[in-house]
Amino acid sequence: MWAMLIRRLAQAVVTMLIAVLAIFVAVRVLPANPVIAQFGQHAVPEKIEKEMEERGWNKPLWQQAIAFVGQLAQGNLGESFARPGEKISTRLSQAVPATLELTFAAMLIAIPVGVAVGTIAALWRNSWPDWISMAIALLGVSIPVFFLAICLIVAFPAMPTGYRLPPGTFHDLHTEFYFFESLLTGKLQLAAISARHLALPAIALSTIPLAVVSRVTRNSMLEVFDADYLRTARAKGASLLRVIVRHAFPNASLSVLNIVGFQLGMLLSGAILTETVFNWPGLGRYVVDAIRDYDYSVVQACALVLAGLFVTLNLTLDVLFLVFDPRLREASRS
Amino acid sequence: MVTDTLIYGRGGDANALDPIHTDIGESVKVIVNIFEPLVAYDEETLDLVPGVAESWETSDDGLEWTFKLRPGVKFHDGTPLDAEAVIFTFERILDPDHPHVHNNIIPYYSSYTQIEKIEAVDDLTVKFTLKQPQATFLANIAMFPSGIVSPTAVKKYGADFTRHPVGSGPFQFVHWKPKQEIVLSRFEDYWGEPAGVKRVVFLPSEESAIRVTQLKRGEIHLADNLPPSEVDGLENTPGVVVQSTPGINIGYLTMQTQKPPLDKPEVRQAITYALDRDRLIEVAYAGHAQKAKTMVPPTLWGHSDDIQDREFDQAKAKQLMEEASQKYGFKLPLKLELFVMDQPRPYMQQPRQTAIFIKDALEKVGFQIEIITNDIGQHFQRMTRGEHQLGLSGWSADIADPHNFLHTLLHSDNINEIGGNNLSQYKNEEVDKLLDAAQFELDQEKRTQLYKQAQQLIFEDAPVLPLVHVPVRIAQRDFVEGYKLHPSSQVRLKSARIAEQ
Amino acid sequence: MSAATYQLKTTAPSIRKRLFQVPGLWVGGGLIFTFVFCAIFAGVISPYGPDERDGKNEPPSSAHWLGTDTNEKDVLTRVIYGSRLSLIASITSISCAVVVGVGLGILAGYRGGRTDMFIMRLIDIWLSFPSLLIAFLVIAAMRPGWTAVILAVALINVPVFARQIRAEMLSLKHAAYVEAAIAAGASPWYLVWFVFLPAVSGTIWVLATLGLGHAILEVAGLSFLGIAGDPSNAEWGSMLVEAKGELHVTIWPALAPGIAISLTILGFNLFGDGLRELLNRRTRSF
């Protein structure tokens, strides 16, 4: 098991390194030199040179690459081009928790509801509950999250549609995870308020994973129900509940965990689109604004953080897998 | 609901809070509450009244101005506001290479270049010496870029001063979460009467619909730059009050005159004929705007009413384009880029709709338009660099002087990358001469004549297409009292209070 | 007659029989047909021109079945015209993705060894980033616009094709008739054009259909984010952006393009799934 863990870890590190280099190169082969873009068409050459020197952009590429990695290792993501002097890490420390909170909340909705829907569909296979739930699943993957978000706004006019907390709310939270922190530290009133603000965006974002989870749950449950040993067990009088709890759920949970991994990228992409609709101050809005403003240093930093988040979350899931899946544990032992 | 926090909803976020580094309205709204210049505006008019300076006098030749500072004024960080602080402030304004200037955007630089030197007579007296007498000097001193900054804070924060502004105004800075909120709190040691609310939150949201909903729910207390049709609707909403003032502003279309094909006057003229501004006012302003024919608003002296405007004439525009295409050998449709900002301005509450209207109109007479949307800071920065061909722009008066419109927007001195606002890069020596003469002439009658001549010349060259003058309207909850709209569209919240209900 | 075409012939009758047992194919096909029909004949069937102005934010009426939007334009007309940009953008990008992806897949599967390992590692890393991130990098590098969007969507979809085709190649390589062709000294070009491509064509069609659904979603998403160029185009994503600000006045300009996107994607999903069922290929749809 440890060997497997270490291999996964090494893979993650390699992927991240390649990502860093790819992003580094991508930003530097841009058609327009961002420094020149900054100064405009009649820029004074000395000023450009000075700026290039300050940013270290006139050195050979490999030296820059080393400096870049060194900077990253210190956790320094640099400053914004479009808003001189603004530290990117400060903005990210607000944006990343906002995006993560939204993503986690969506998963908290998608997994239990998806499993429930899938179970119901499996139990009443080929009758109307099955058809309805599968039709919903199909719609769930076909309706774009940004359109669904708009529909939710129209359908629930009384719900807040922007921001994470009501304007002008003062609080004494230490992190930017407003909902989770206030919930965990027992500030229930604040938790309720932030939950209200979180509700619509999280529901909108949860639909695709919900549809996928329910479909996967249904299929893996059916797989178990059809297995010979269970038919035998049922014939011998084991209750349906017992079959579900002892056999079907463990099997389904592994499939769900697996598919959640596959869905992470889609979930992060969806989060970015959802944020735009709901004015959610997360990573997505930050990076989209930066692209529109040609703020290359921010695009670079956000790309790195997104890649990092993605790799870390995937790694976490892999580890969970190893811990929970007896088959994999066996396989890695032998 | 009793609250001591005033929440101001607006269409966008500030881009900088250092007074010398911005000319974006959303920044100015915050800056004027934190910083105070030597001379202030009256609460309701553009008259100049004592501010940090108690009194001032000028020499007979108009070259020397002596300001007597109010004793006992403190900055928010406790530093005393004295002659030294004033001199420090102006050294930063006058010298782009000053060690405490950390950004190459200094849009108001040219407004202060007539200052020869500043000296301290004593601790509370400063003397300005000018290169030549300037009609607008005192008004320029009252503009927000010359708000007095705390030297201690500037030295302490360095480049970060723009995110930690420290002045002497009625509110002090608390925090700024970009694109989320800017929070100010009442400065208890303010020299005058302290502010009426304990805290102010500036809340940006680009989507007007969101601000309308929030105002209706009472989540925000004031909402500005709303689409005029929305304001009409809000007028009948219980609990909401609409304030309005004529406004001294201009919304216009800039045409980059130094780049082909807009360097050809015929093409620019075709554009002015192609646009039905009366329809535009219906579509994008719900009728709440006045058609503009010159850059100087009619609410301001010096406005020229003699100009024979080019009325909407699609056939003529088409014909001009066909002639131009033969004369200069370009093919129709002619491709142009139209730059648009992503958030509402007082002179243009619906920039996207305005842009699409212009695009549709121009495509009917032989153009092909691509709309390019940018964040407001980037929008103007890219246009000061001349990257655009067509661009939506506008101006709200900083001071009650045509100089503020004509010189700022059309004098060749203001073509530069440090934030100069001659976006059309219009260069006409004659116009420059007239504007200079008007600036240094002290007789208002003569100045009026000079400005009228300049407006006629500008009209003939058509480097810009003046679109509209817009009344400033704001919707607010009825329990907000004491806040009056200012004709300059500056937002000074000192007297605003929240009434008990 | 080559071995591959012979194989197709033998399975043909059963396909024809099963055609009627897959309802998704018909529903999906109908939706796709409507969509393509709108795109091609937009100029003929839409009641107005895409930029004709006639009254702001009007509710549905007999003159404007779906009302008008904030720019005074007929919503129905713009939805119909909107199918054009979506279709062009998604077909272009998926075609690019098919060419590159299938090329890489065949190359990896056929050559095997180091080439295979190199290509597959590349694909793995490619897949280990959220697709939107790749799109962002491409668009940031090329500046916002339709070319950038098409390239970005193509790049996102390449790995799907490469992976699946390579997997099929691995089993295909050891099929008796392929081994026979290789033993007979067939040139690589002959093998690719007359043996491999015909054998994997079914998979390509399934993946391309599902891919088109994704592409339409991705194109609309990017233009919804405002990084696909001119916001005034009659394009579904841009229309949604415009309508989002007017929701409290009228909902039709938002509902119409949103439903159009959803139905089109649903169409491609149903058709793709149906096609797969029909050809009985084992591919993952999502």
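Modeller: Axes are lines fitted to C-alpha atoms, for helices over the stretch in contact, and angles run from 0 to 180 degrees between N-to-C directions. Please bear in mind that this is a predicted model.

Biologist: At what angle do α6(C) and helix α7 of chain C pack?

Modeller: Helix α7 of chain C covers residues 146-172. Its axis and that of α6(C) are 9 Å apart. The two helices pack at an angle of about 145°.

Biologist: Is the crossing of α6(C) and α7(C) left-handed or right-handed, and how many nonpolar residues does their contact have?

Modeller: α6(C) passes α7(C) in a crossing that is right-handed. Ile134(C) and Val138(C) are among the residues that α6(C) brings to the contact, and Leu151(C) and Leu155(C) are among those from α7(C). By class, the contact has no charged residues and 2 polar ones, and its nonpolar residues number 11.

Biologist: Which element gives the largest share of the side of chain C that touches chain A?

Modeller: In this interface, 32 residues of chain C are in contact with 35 residues of chain A. Elements of chain C that give two or more residues to this side are α6, α9, α10 and α11. The largest share, 8 residues, comes from α6(C).

Biologist: Is Asp47(B) buried or exposed?

Modeller: Asp47(B) is placed in the loop between β2 and β3 of chain B. Because Asp47(B) has 11 C-beta neighbours inside 10 Å, it counts as exposed.

Methods. Residues numbered from 1 in each chain as written. Chains lettered and ligands numbered in written order. Predicted model: local features only at pLDDT ≥ 70, side-chain atom pairs only at ≥ 80, totals over all residues. Contact = placed C-beta atoms within 7 Å. Helix = DSSP H or I, 4+ residues; strand = E, 2+ residues; numbered from the N terminus. Buried ≥ 20, exposed ≤ 12 C-beta atoms within 10 Å, placed from the backbone. Left-handed = near helix turned anticlockwise from the far one by under 90°. Nonpolar A, V, L, I, M, F, W, Y, C, P; charged D, E, K, R; others polar.
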